[in-house]
Amino acid sequence: MLTVTDDQGYHMDDLDIADKILGLLIGGHDTASVAITFVIFYLAELPHIYNMVYEEQMEIVRSKASGELLNWDDIQKMKYSWNVACEVMRLIPPLQGGFREAIQNFTYAGFFVPKGWKLYWNAYSTHRNCEHFSEPEKFDPTRFEGNGPAPYTYVPFGGGPRMCPGKEYARLEILVFMYNLVKRFKWEKVLPKENIIVNPLPTPSKGLPIRLIPHHL
């Protein structure tokens with residue numbers, strides 16, 4: 001960003017660089033940390049889901065030699081854990097949506113939208129559309145078994161040619177975190193009724209304090 005120039009040889013100014021850095025911080029850090037936060041949030045509330053994640057992760061632990069680190073094949077075995085993370089992101093999408101530009105005239109729900117208009121797509125309401133998700137408020141990781149949801153009904157990473165390029169990195173980050181946490185601890189929320197706020201990403205209002213319970217106790 002500091003050295004690149006446009007077709008006329010001009011560098012980005014300070015505001016452009018700051019804007020890009022903020023975008024990378026939000027896209028590369030904040031979104032994944034929100035997903036991980038709410039994995040912890042829901043696994044504390046749903047012990048039967050936690051137990052299934054724990055069993056999957058412990059199968060991987062038992063297959064490894066002492067001190068052996070995770071490898072790519074291990075990540076591919078975490079199918080249920082990833083389904084849980086996907087259901088977390090369905091209910092609490094880290095990004096609430098995004099803007100796009102209409103590339104042609106079209107009509108939707110009786111409204112005419114001209115080419116060039118800016119449109120906002122909303123992940124939160126899309127993920128709770130009962131036409132695509134039965135009992136949309138229910139936490140159900142089995143929604144992601146087999147082929148999973150229909151295209152463009154589940155969009156925490158967007159969709160189409162503008163889909164988030166960091167999707168696979170986020171999957172790796174979230175699953176490695178789940179593995180290292182779940183194999184060591186159970187936990188419970190200190191504030192069972194803690195509210196969720198959005199500012200601008202969803203977050204527990206008090207920071208989600210938890211009480212860790214080591215497995216060896």
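Predicted model: local features only at pLDDT ≥ 70, side-chain atom pairs only at ≥ 80, totals over all residues.
Where is Cys164 found? I looked: Cys164 sits in the loop between helix 5 (123-127) and helix 6 (167-182); helices here are DSSP runs of H or I, at least four residues, numbered from the N terminus.

Residues are numbered from 1 along each chain as its sequence is written, and side-chain values use heavy atoms, with hydrogens and water left out.

Cysteines next. I searched the whole structure for disulfides (cysteine sulfur pairs within 2.5 Å) and got 0. Cys164 is in none, and its nearest cysteine sulfur, that of Cys86, is 13 Å away. I get 30% relative accessibility for Cys164, so it counts as partly exposed; the scale is buried under 20%, exposed over 50%, partly exposed in between, with a 1.4 Å probe and protein chains only. Cys130 is exposed at 58%. The unreviewed UniProt entry puts a "binding site" annotation on Cys164, and such annotations may be inferred rather than shown by experiment.

Then the helix pair. The axes (lines fitted to C-alpha atoms over the stretch in contact, angles from 0 to 180 degrees between N-to-C directions) of helix 2 (residues 47-62) and helix 4 (residues 79-91) cross at roughly 145° and come within 8 Å. Contact means heavy atoms within 4.5 Å: helix 2 brings Ile49, Met52, Val53, Glu56 and Gln57, and helix 4 brings Lys79, Tyr80, Ser81 and Val84.

Definitions and conventions
Helix = DSSP H or I, 4+ residues; strand = E, 2+ residues; numbered from the N terminus.
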